[in-house]
Amino acid sequence: MSTLYLFASDAEPVFDIARVIEDAQADGWDVCLGLSPTAARWLAGSLDGLAALTGHPVRWDYPLPGEPDVWPAASAILFAPATFAAVNQWALGIADTFVVGVVAEGIGHGIPMVAMPYVNDAHARHPQFERSVETLRGAGVSVFVPQEPVVGFPWPLALSAVRERIVVG
């Protein structure tokens, strides 16, 4: 079974993450959920249930030195929703959170990755955002920036993009 690291930042679509996990599992993925620290705080009351759903602990912080890695190796990574800050940190190599650190390393490991930013119009027009998206694309990351107006977060598009990057099996 292929392993999908599903990473999410602190943006409103994170509240749909249980359904997204179920959809990914229906596609044959073994899902490991990683969250930004704020997203973990937002979902604090659901973390045990999400861990039970995935069969893996939900992670938002690095393990302590000497602790074993409790997740299987990633076959692919989907980072959605990815906030303005997360996209820029990733592109600039500022790996100060667990999820951004893993995706930054993922480029070097050649792990197939898809990012779906969730940014407002003002952030999307910021010059650094465009540079960051192009940097990530240049590094082999499939970055899909939904064009407004978007009715609901395009989770099906995000999962489809991951399927296109790797055959699940």
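This report describes helix packing and selected residues in a predicted model.

## Basis of the model

The structure is a predicted model, in which local features need pLDDT of at least 70 and side-chain atom pairs count only at pLDDT 80 or more, while totals for chains, interfaces and linings use all residues. Residues are numbered from 1 along each chain as its sequence is written, and side-chain values use heavy atoms, with hydrogens and water left out.

Helices (H or I, at least four residues) and strands (E, at least two) are DSSP runs, numbered from the N terminus.

## Packing of H1 on H3

Helix H1 covers residues 17–26, and its axis comes within 10 Å of the axis of H3, with a crossing of roughly 5 degrees. Axes here are lines fitted to C-alpha atoms, for helices over the stretch in contact, and angles run from 0 to 180 degrees between N-to-C directions. H1 is therefore roughly parallel to H3. Angles under 35 degrees count as roughly parallel, over 145 as roughly antiparallel, 65 to 115 as roughly perpendicular, and the rest as oblique.

On the H1 side, Ile17, Ala18, Ile21, Glu22 and Gln25 meet Leu50, Leu53 and Thr54 of H3; contact means heavy atoms within 4.5 Å. Sorted by class, this contact has five nonpolar, two polar and one charged residues. The classes are nonpolar (Ala, Val, Leu, Ile, Met, Phe, Trp, Tyr, Cys and Pro), charged (Asp, Glu, Lys and Arg) and polar (the others, Gly among them).

## Packing of H4 on H5

The axes of H4 (residues 84–92) and H5 (residues 98–109) come within 9 Å and cross at roughly 40 degrees. H4 is therefore oblique to H5.

From H4, the residues Ala86, Gln89 and Trp90 meet Val100, Val103, Ala104 and Ile107 of H5. By class, the contact of H4 with H5 has six nonpolar residues, one polar and no charged ones.

Asn88 is also in helix H4. Asn88 counts as buried because its relative accessible area is 8%; buried means under 20%, exposed over 50%, and partly exposed in between (1.4 Å probe, protein chains only). Apart from residues up to four places away in sequence, Asn88 touches Gln128, Phe129 and Ser132.

## Strand E3

Leu78 sits in strand E3 and is buried, at 0% relative accessibility. Leaving aside neighbours within four places in sequence, Leu78 is in contact with Leu4, Tyr5, Leu6, Phe7, Val114, Ala158, Leu159 and Val162. The C-alpha atoms of Leu78 and Ala115 are 5.9 Å apart, although 37 residues separate them along the chain.

Pro81 is also found in E3. A cis peptide bond with omega of about -10 degrees joins Ala80 and Pro81. Most peptide bonds are trans.

## Loop residues with side-chain polar contacts

His56 is in the loop between helix H3 (47–54) and strand E3 (76–82), and at 13% relative accessibility it counts as buried. The side chains of His56 and Asp30 are joined by a polar contact of 2.8 Å. A polar contact is a pair of N or O atoms within 3.5 Å; within protein, one must be able to donate a hydrogen and the other to accept it, and residues adjacent in sequence count only if both atoms are side-chain atoms. Beyond its neighbours within four places in sequence, the residues in contact with His56 are Asp30, Val31, Cys32, Ala51, Val70, Trp71 and Pro72.

Ser36 lies between E2 and helix H2 (37–42), in the loop, and is buried at 7% relative accessibility. A polar contact of 2.9 Å joins the side chains of Ser36 and Asp10. Not counting residues up to four places away in sequence, Ser36 touches Ala8, Ser9, Asp10, Trp60 and Val99. Ser36 and Phe98 are 62 residues apart in sequence, with a C-alpha to C-alpha distance of 7.2 Å.

## Other loop positions

Val141 is in the loop between helix H7 (127–138) and strand E5 (142–143) and is buried, with a relative accessible area of 4%. Neighbours within four places in sequence aside, Val141 is in contact with Trp90, Ile107, Met113, Ala115, Leu136 and Arg165.

Gly28 lies in the loop between H1 and strand E2 (30–35) and counts as partly exposed, at 23% relative accessibility.
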